[in-house]
Amino acid sequence: MNSMNRMKKFSFENINKLLIEKPWITWVSFVVALVTVFLLGLLAASIMERRSESLIAFAPKVKINELESRNKIWGENYPREYTSFLKTAEGNFRSKYNGSNLVDELSADPYMVILWAGYAFSKDYSKPRGHFYAVTDIRNTLRTGAPKNENEGPQPATCWTCKSPDVPRMMKEMGISNFYSGKWAAHGPHINNPIGCADCHDPKTMNLTITRPALIEAFARQGKDVNESTHQEKRTLVCAQCHVEYYFKATNKGADPKKPGTYLTFPWDKGKSVEDIERYYDEMEFSDWTHQLSRAKMLKAQHPDYEMWAYGIHAKRGVSCADCHMPYISEGGIKSTSHHIQSPLNNINQSCQVCHRENEEELKQNVYANQDRVYELRGKVEENLVRAHIEAKLAWDKGATEDEMKHVLKLIREASWRWDFAVAGHGNSAHAPVECARILAGSLERSGNARVLLARILAKHGVSAEVLLPDLSTKEKAQKFIGLDVSKLKNDKDEFLKTIIPKWDLQYVQEINKK
């Protein structure tokens, strides 16, 4: 014990001696202590500030009703999410093959006019842009025509289903079947808000929720309850309400099940692959339209993004749509989901590099390399299919019989379906490039076989020379070849936008004010 006391006394004496000899050590120690206390104070203040931010951020300012479809009302309670959603109006991003700006796809690829001859997509088809424009773009497209009243127009009311949060409100007020019935123009005055908050969120809990009956019904037919899905699964399923293959089922009494009706249906009863869905349609002998040139009974793929995503590596690793297209972001003490729904290539740092360690340019080039291969194969398929349709028309003109053409038309249907399935989802070549290439290869094989049979039929009817393609170098030339009077369609649409749309907008405002 005495030994320890002597050591302590010796240590204190040494320290005192050192401080007397070198007084600057005292000042350095004082400054270090002062800085340490100051930094600890900043840390404590930052923690308290972030806690306060997280509490204030979710303090509701307005009550959001169950059927509230106006995004700006939701935005009063959730300004961060709403502000990021408004960025879907931006059109300044362009990747190698897609982007957020409005691009006329028929001008970029005139062969599409021939491939959809006789169908509304041959009139007008653009690459998709932000959700902000969902209502604007469906009003503007030539595909919806220029109806002057609620009983006119080429499209059914079902076409509104994925365009607006006004849709769940109307479905609840009218009933699902009644909503689908009638013409597209009938709902025009009642739908005004673009895709937004109420499409995916429960206003009471803000939990993700499924608001479109077609997805609920498709799961139910497979013995599943979509509402029992996990939160991570719903980060994909809320997108799968719309980004899927679908058709309009004929459900009215006496309606022909082989032709389109009005009830929105997902054809997943046999599975979600291109072959499964084809078998579903074949068994009911369904077709969307008869091709104007070849007379093949055609299937039109819509946008099977969810089906194709399921075959990609990200789906197999449990990565959801939102993980890449709506990544989590942090601001102060608040973590939220970005509602600037966009291509991950425009946000590589917050999307791709959360998992991948490669630099931005390398990740981007990896995607482009896959897309290059798919687009190369796509070009070969499209030329082969265009030739098949035109050669089939010539065969009919030369007197070919239905019995002679039966197998040819089946091959054209199958080839066209595969091409469309691979192409209609604009992200397919990125989501599932291997599956996309496999499907296109199947299309190329079938269209090639169809042309071999057509060569034999044409030879039998006196045509042995090569069938030359007409000049299809522009959209206008292709549309003229199939007899489309696009100038009239555009004039009619311009008149519709000038005279009918202002009335729709005014009526919507009057209805909302009454409520």
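Visitor: How do the residues of the lining of the largest cavity divide into nonpolar, polar and charged?

Guide: This is a predicted model. Start with the general idea of empty space. Rolling a probe the size of a water molecule over the atoms shows where empty space is left. In this structure, the lining of the largest cavity divides into six nonpolar, four polar and three charged residues.

Visitor: How many cavities of 30 Å³ or more does the structure hold, and which residues are closest to the centre of the largest cavity?

Guide: There are two cavities of 30 Å³ or more. The largest cavity has about 90 Å³ of space. It is lined by 13 residues, and Tyr 375, Arg 378, Ala 422, Val 423 and Gly 425 are the closest to its centre.

Visitor: Which element gives the most to the lining of the largest cavity?

Guide: α16 gives the most, with three residues. At least two residues each come from α16 (360-397), α17, α18 (428-431) and α19.

Visitor: Now the pockets. What volume does the second largest pocket have, and which residues lie nearest its centre?

Guide: The volume of the second largest pocket is about 470 Å³. Its lining has 18 residues, and those nearest the centre are Glu 285, Phe 286, Ser 287, Lys 297 and Arg 413. Two or more lining residues come from each of α12 (274-283), β3 (289-290) and α17 (402-424). With five residues, α17 gives the most to this lining. By type, the lining of the second largest pocket has five nonpolar, two polar and 11 charged residues.

Visitor: Take Phe 286. Is Phe 286 buried or exposed, and where does Phe 286 lie?

Guide: Phe 286 lies in the loop between α12 and β3. Phe 286 counts as buried because its relative accessible area is 0%, and buried means under 20%. Apart from neighbours within four places in sequence, Phe 286 is in contact with Tyr 247, Phe 248, Pro 257, Lys 258, Lys 259, Pro 260, Tyr 281, Leu 299 and Arg 413.

Visitor: Is Lys 300 buried or exposed, and which residues does Lys 300 touch?

Guide: Lys 300 has a relative accessible area of 2%, so Lys 300 is buried. Lys 300 is found in the loop between β4 (297-298) and α13 (305-309). Not counting residues up to four places away in sequence, Lys 300 touches Trp 116, Tyr 119, Phe 121, Glu 245, Asp 288, Trp 289, Trp 417, Asp 420 and Ala 424.

Visitor: How should I read a helix such as α12, and which of its residues are buried?

Guide: First the general idea. An α-helix has 3.6 residues a turn, so residues three or four places apart point the same way. In α12, the buried residues are Val 274, Asp 276, Ile 277, Glu 278, Tyr 280 and Tyr 281. These buried residues pack against β1 (247-249), β2 (263-265), α13, α17 and α19 (433-460).

Visitor: What is the phi of Glu 285?

Guide: Most residues other than glycine have a negative phi, and most peptide bonds are trans. Glu 285 has a positive phi, near 55 degrees. Glu 285 follows α12 and is placed in the loop between α12 and β3. Met 206 also has a positive phi, near 65 degrees. Met 206 lies in the loop between α9 (176-180) and α10 (213-221), and at 22% relative accessibility Met 206 counts as partly exposed.

Visitor: How many bridges join β5 to β6, and which residue in β6 is the bridge partner of Ile 329?

Guide: Strands β5 (residues 328-331) and β6 (residues 334-337) run antiparallel and are joined by four bridges. Ile 329 has Ser 336 as its bridge partner in β6. The two strands form a hairpin with two residues between them, and Gly 332 in the turn has a positive phi of about 65 degrees.

Visitor: Last, the nonpolar cores. Which residues of the largest nonpolar core touch the most other members?

Guide: In soluble globular proteins, nonpolar side chains tend to be buried together. The largest nonpolar core here has 95 residues, and Trp 116, Trp 160, Phe 266, Trp 268, Met 405 and Trp 419 touch the most other members. α17 supplies the largest share of this core, 12 residues. A second, separate core has six residues, including Phe 93, Ile 348, Cys 352 and Tyr 368.

Methods. Residues are numbered from 1 along each chain as its sequence is written. This is a predicted model: local features need pLDDT of at least 70, side-chain atom pairs count only at pLDDT 80 or more; totals for chains, interfaces and linings use all residues. Side-chain values use heavy atoms; hydrogens and water are left out. Two strands pair if DSSP finds at least two bridges between them. On a 1 Å grid over the protein atoms alone, a cavity is a set of points where a 1.4 Å probe fits but cannot get out, and a pocket is an open set with protein on both sides within 12 Å along at least five of seven lines; lining residues have an atom within 4 Å of a point. Grid points are joined across faces, edges and corners, and a volume is the space filled by probe spheres set on the points. Ala, Val, Leu, Ile, Met, Phe, Trp, Tyr, Cys and Pro count as nonpolar, Asp, Glu, Lys and Arg as charged, and the others, Gly among them, as polar. A nonpolar core is a set of buried Ala, Val, Leu, Ile, Met, Phe, Trp, Tyr and Cys residues joined through side-chain atoms within 4.5 Å. Buried means under 20% relative accessible area, exposed over 50%, partly exposed in between (1.4 Å probe, protein chains only). Contact means heavy atoms within 4.5 Å.
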